[in-house]
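Work through the exercises below with the coordinates loaded.

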Amino acid sequence: MKMLHSHSNEFLQKQTFEAPRERTKSFKSRKRYLLKESYLVEWNDGERRLRHVLLWNDVIICAAEKSTRTVFNQEKQKGQYECKWCIPLTEISLSAFDQSEGEPQVKLTGAEDLRKLKKEISMIKTQVRRTSGQRNFKKNANKHKKALQELEAHMVMASPNLPFHLYHQHGKTYTLLMSSDYERIEWNEAISRAKRECTFTPSLTSFHLEKIMAKCKRSRKVNAIGSFLLKDDEESVSGILKVIVKKATGLTEPKSLCCAIEVDSYGMYSLMARTSPMEASLEPEWEKVSTSQI
């Protein structure tokens, strides 16, 4: 027994154990949490593709919603995703590397094409309102609803025209399309801040990616495009918008100004009305009434 006790003590003295507090601290410092997410359009192989982009504190993931149908349920179940690409923040840059691919030529949607789409959407909504009291309203409404969904989906995909490039250190260039400079600046700042705070490269397997996608499915915060895609079947609010432009105050020096009214439509701002310029004044007054169908 003495010999066994002696050998046991020698064995234990040679071993090193990690303190529980240090292990807990190390785990917490590497805990993965979501920083930002949006539905964005990716330019890939000469086509626009809808993507769900998720920025975590150590990795950025681009996912696509997949259609999951069963024998008994032929309806598309929303919230099921598959990862299209995944890049650790330590391996990505907002500026090109020497070995980076050239930035692709993005086919932009013309302003006239967007106006035509908006006009078609507005005409269908007007037609639905006019036939709301007729006998075959339900049958016609389903037909109009399907056409409206197709046009709105086309509008969502066609609207973003501002490219945002991500460069992988191995040379691959990824291009996302955004609707405004504000959105592009937001993503730039979020990725830059996350990169500064990320000090390790995660090791991700398919099992880890599935867990991340499942976590994203439980709690989603989306942008304007995502809100449109996830909205219920209820009709969107539409009608006549009346705006009265009275005056401007708080100017520090006299200026000749006009007032422009813009409406946000699918992430794009379109001019609805504009006042005539006033003579240089500290408090210009217009008293202009503008009405527009939305």
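**Exercise 1. A salt bridge within a strand's range**

Is Glu47 buried, partly exposed or exposed, and at what relative accessibility?

Solution. Glu47 has 42% relative accessibility, so Glu47 counts as partly exposed. The classes are: buried under 20% relative accessible area, exposed over 50%, partly exposed in between, with a 1.4 Å probe and protein chains only. The model is a predicted one, in which local features need pLDDT of at least 70 and side-chain atom pairs pLDDT 80 or more, while totals for chains, interfaces and linings use all residues. Residues are numbered from 1 along each chain as its sequence is written, and side-chain values use heavy atoms, with hydrogens and water left out.

Next, take the partner. Glu47 forms a salt bridge with Arg49, with 3.1 Å between the closest N and O atoms. The criterion is a side-chain nitrogen of Lys or Arg within 4 Å of a carboxyl oxygen of Asp or Glu. Arg49 is also partly exposed, at 29% relative accessibility.

**Exercise 2. Positive phi**

Asp45 and Glu287 have positive phi values; state each value and locate the residue.

Solution. Most residues other than glycine have a negative phi. Phi of Asp45 is near 55°. Asp45 lies in the loop between β1 (34-44) and β2, and is exposed, with a relative accessible area of 68%. Glu287 has a phi of about 50° and is found in strand β11 (residues 285-293).

**Exercise 3. The sheet around β3**

What is the strand order of the open sheet of 7 strands, and which strands stand at its edges?

Solution. Step 1: the order is β4-β3-β2-β1-β7-β6-β5, with antiparallel pairing. Two strands pair if DSSP finds at least two bridges between them.

Step 1: β4 and β5 (92-93) each have a single partner strand, so one side of each is left without a neighbour in the sheet.

Step 2: on one side, β3 pairs with strand β2 (residues 47-56) in the antiparallel sense over 4 bridges. The two strands form a hairpin with 2 residues between them. His52 stands opposite Ala63, and Leu54 has Ile61 as its bridge partner.

Step 3: β3 is also joined to the antiparallel strand β4 (residues 81-88) by 7 bridges, with Ala64 partnered by Glu82.

Step 4: of the 7 residues in β3 (residues 59-65), 6 are buried.

**Exercise 4. The nonpolar cores**

How many residues form the largest nonpolar core, and which have the most contacts inside it?

Solution. A nonpolar core is a set of buried Ala, Val, Leu, Ile, Met, Phe, Trp, Tyr and Cys residues joined through side-chain atoms within 4.5 Å. The largest has 19 residues, and Ile60, Leu166 and Trp187 have the most contacts inside it. The elements giving two or more residues are β2, β3, β4, β6 (162-168), β7 (173-178) and α5 (181-197). The largest share, 4 residues, comes from α5. Another core, of 10 residues, lies apart from this one and includes Leu54, Val59, Ala63 and Leu209.

Finally, list contacts (heavy atoms within 4.5 Å) of Ile60. Leaving out residues up to four places away in sequence, Ile60 touches residues including Val53, Trp85, Ile87, Leu166, Trp187 and Ile191.

Note on methods:
Contact means heavy atoms within 4.5 Å.
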